[in-house]
Amino acid sequence: MTDPIADFLTRIRNAQMAKSKVVEIPSSNMKKSITKILYDNGYILNYKFDDEKDKGIIKIALKYNLQTKEPVIKKLERISRPGLRKYTNVENMPRVLNGLGIAVISTSQGVMSDKEARTKNLGGEVLCYIY
């Protein structure tokens with residue numbers, strides 16, 4: 001697999017289109033960090049890290065609107081990819097839908113949302129947009 005983060009986003013996107021309640025994704029530290037950001041910002045219901053002997057799995061409970069049954073996550077968009085990396089500093093940090101969405105940034109102090117990176121005055125690689 002050449003782009004595990006794109007695979008992570010695609011698995012969530014496909015599970016939402018199929019109206020699945022839970023999606024299982026192969027684990028990595030980067031994917032765990034992105035999952036925690038999704039949970040902290042209210043885009044998923046819950047998550048569980050199953051770290052067995054040699055391969056780990058992330059189980060994510062997806063969140064849907066109660067009345068319309070539409071997924072809470074409208075769009076998952078990969079920005080920086082292996083063929084074309086996108087970096088930003090604090091002054092040029094992207095605002096997703098004027099602050100309604102989040103950008104996931106990989107900084108020198110770990111993976112965090114754009115809002116948290118602004119408060120810590122850090123720039124880094126823009127991984128994806130979520131709204």
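Which residues have the most contacts inside the largest nonpolar core? Here is a friendly walk through the model.

1. **Ground rules.** This is a predicted model, in which local features need pLDDT of at least 70 and side-chain atom pairs count only at pLDDT 80 or more, while totals for chains, interfaces and linings use all residues. Residues are numbered from 1 along each chain as its sequence is written, and side-chain values use heavy atoms, with hydrogens and water left out.

2. **Confidence.** The protein averages a pLDDT (the predictor's confidence in each residue, from 0 to 100) of 94, and 98% of the residues score at least 70. Helices (H or I, at least four residues) and strands (E, at least two) are DSSP runs, numbered from the N terminus.

3. **The main core.** To answer the opening question, Phe 8, Ile 12, Leu 38, Ile 60, Ile 73 and Ile 130 have the most contacts inside the largest nonpolar core, which has 22 residues. Such a core is a set of buried Ala, Val, Leu, Ile, Met, Phe, Trp, Tyr and Cys residues joined through side-chain atoms within 4.5 Å. Buried means under 20% relative accessible area, exposed over 50%, and partly exposed in between (1.4 Å probe, protein chains only).

4. **Who supplies it.** Two or more residues of this core come from each of H1 (4-17), S1 (22-26), H2 (29-40), S3 (56-62), S6 (102-107) and S8 (124-130). H1 gives the largest share, 5 residues. Another core, of 9 residues, lies apart from it and includes Ile 79, Val 96, Ala 103 and Met 112.

5. **Phe 8.** Beyond its neighbours within four places in sequence, Phe 8 is in contact (heavy atoms within 4.5 Å) with Ile 25, Lys 31, Ile 34, Thr 35, Leu 38 and Ile 60.

6. **The sheet.** Three strands form an open antiparallel sheet in the order S1-S3-S2, and strands pair if DSSP finds at least two bridges between them. S1 and S2 (44-51) are the edge strands. S2 and S3 pair over 7 bridges, and Asn 46 stands opposite Ala 61 in S3.

7. **Helices on the sheet.** H1 lies across S1 and S3, at about 160 degrees to S1. H2 touches S1, S2 and S3, and its direction makes about 155 degrees with that of S2. Axes are lines fitted to C-alpha atoms, for helices over the stretch in contact, and angles run from 0 to 180 degrees between N-to-C directions.

8. **Ser 113.** This residue sits in S7 (residues 110-113). Ser 113 is buried, with a relative accessible area of 8%. Not counting residues up to four places away in sequence, Ser 113 touches Ile 37, Asn 41, Ala 103 and Ile 105.
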